[in-house]
Amino acid sequence: MAAPSVPANPALVTRRVVTARDAEGRSVIASDGPSPVNVAVLHPDFVINELWRSDVPADNLAAGEPVSGTDLEPGAGGNVLKIVHLPPDSEYLGAMDPAAAFAELGESGAAAATAHDNSPHPMMHQTNTVDYVIILSGEVHVVLDRQETVVRAGDVVVQRGTNHAWSNRSNAPCVFAAVLNAAQPIAQLS
């Protein structure tokens, strides 16, 4: 798991409000503040805010902080919520090492990297998850092995364990929310 870091730009840190129950069973705000883990990957404006991790079914009475580091995938049978601030490709792709970038995202990140010389994008990867990705602002190309499409604010991508990359070819950041849910592994293509 990557060590928590603080992005250079505090505006890229997501506020997280968590509810709970008090001793009498009444609803209260348990915490209200910045997401506990904010990792800059490859570039100071490429930030992943790790917001929540849980098993399924979740234990809504469990106390404590479920987020202590970042890993690309959730634990077996669990899910993870992230907010990703993705700068334009032109700001970071030329001077990056994809293997190092995925290694920053923990063991599952290192295992997810699938890019090779003939890949359509250097950040191609495959996870053992089904992901619900909601574009909050900007636009991004969903790059697959044989196709791609552009998605914009308000669009949703259901990414089902396929080999893919996110390519921001615009001149502005793209911000998206992603819920990654553990899924049965699918063999990676070589």
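**Surface, fold and core**

Mentor: The model is a predicted one. The protein exposes about 10,300 Å², and carbon and sulfur atoms supply 54% of that area.

Trainee: How many helices and strands are there in the protein?

Mentor: The order of the elements from the N terminus is β-β-β-β-β-α-α-β-β-β-β-β-β. The protein has 2 helices and 11 strands.

Trainee: What is the radius of gyration of the protein, and how does it stand against the globule rule?

Mentor: The C-alpha atoms fill a box of roughly 60 × 35 × 30 Å along the principal axes. For 190 residues the globule rule gives 16 Å, and the value for the protein is close to that, so it is as compact as a globular protein of that length. The radius of gyration is 17 Å.

Trainee: What share of the residues is buried?

Mentor: A residue is buried if its relative accessible area is under 20%. Of the 190 residues in the protein, the buried ones make up 44%.

Trainee: Which element gives the most residues to the largest nonpolar core?

Mentor: That core has 29 residues, and Val41, Leu86, Val133, Ile135, Val140, Trp166 and Phe176 touch the most other members. Two or more residues come from each of strand S3 (37-40), S5, H1, strand S6 (129-137), strand S7 (139-144) and strand S11 (174-182). The element that gives the most, with 4 residues, is S11.

Trainee: Which residues is Phe176 in contact with, leaving aside neighbours within four places in sequence?

Mentor: Phe176 is one of the core residues that touch the most other members. Its contacts beyond those neighbours are Lys82, Ile83, Val84, Leu86, Val133, Ile134, Ile135, Leu136 and Trp166.

**Single residues**

Trainee: Is Asn38 buried or exposed?

Mentor: Asn38 lies in strand S3. Asn38 and Ile83 are 45 residues apart in sequence, with their C-alpha atoms 9.4 Å apart in space. The relative accessibility of Asn38 is 6%, and the cut-off for burial is under 20%, so Asn38 counts as buried.

Trainee: Is the peptide bond from Val56 to Pro57 cis or trans?

Mentor: Most peptide bonds are trans. Pro57 sits in the loop between strand S4 (47-55) and S5. The bond from Val56 to Pro57 has omega near 0°, and its form is cis.

Trainee: Where is Asp97, and what is its relative accessible area?

Mentor: Asp97 is in the loop between strand S5 (78-86) and helix H1 (98-104). Partly exposed covers the range between the buried limit of 20% and the exposed limit of 50%. Asp97 falls in that range because its relative accessible area is 45%.

Trainee: Which residues does Thr149 touch, not counting those up to four places away in sequence?

Mentor: Thr149 belongs to strand S8 (residues 148-152). Thr149 is partly exposed, with a relative accessible area of 43%. The residues it touches are Val140, His141 and Val142.

Trainee: How many Å apart in space are Asp97 and Thr149, C-alpha to C-alpha?

Mentor: In sequence, Asp97 and Thr149 are 52 residues apart. For Asp97 and Thr149, the distance in space is 25 Å.

Technical notes:
Residues numbered from 1 in each chain as written. Predicted model: local features only at pLDDT ≥ 70, side-chain atom pairs only at ≥ 80, totals over all residues. Heavy atoms only, no water. Buried < 20%, exposed > 50% of the residue type's maximum accessible area, 1.4 Å probe, protein only. Rg over C-alpha atoms; globule rule 2.2 N^0.38 Å. Areas by Shrake-Rupley, 256 points an atom, 1.4 Å probe, with all protein chains shown as cover. Core = buried A, V, L, I, M, F, W, Y, C linked by side-chain atoms within 4.5 Å. Contact = heavy atoms within 4.5 Å.
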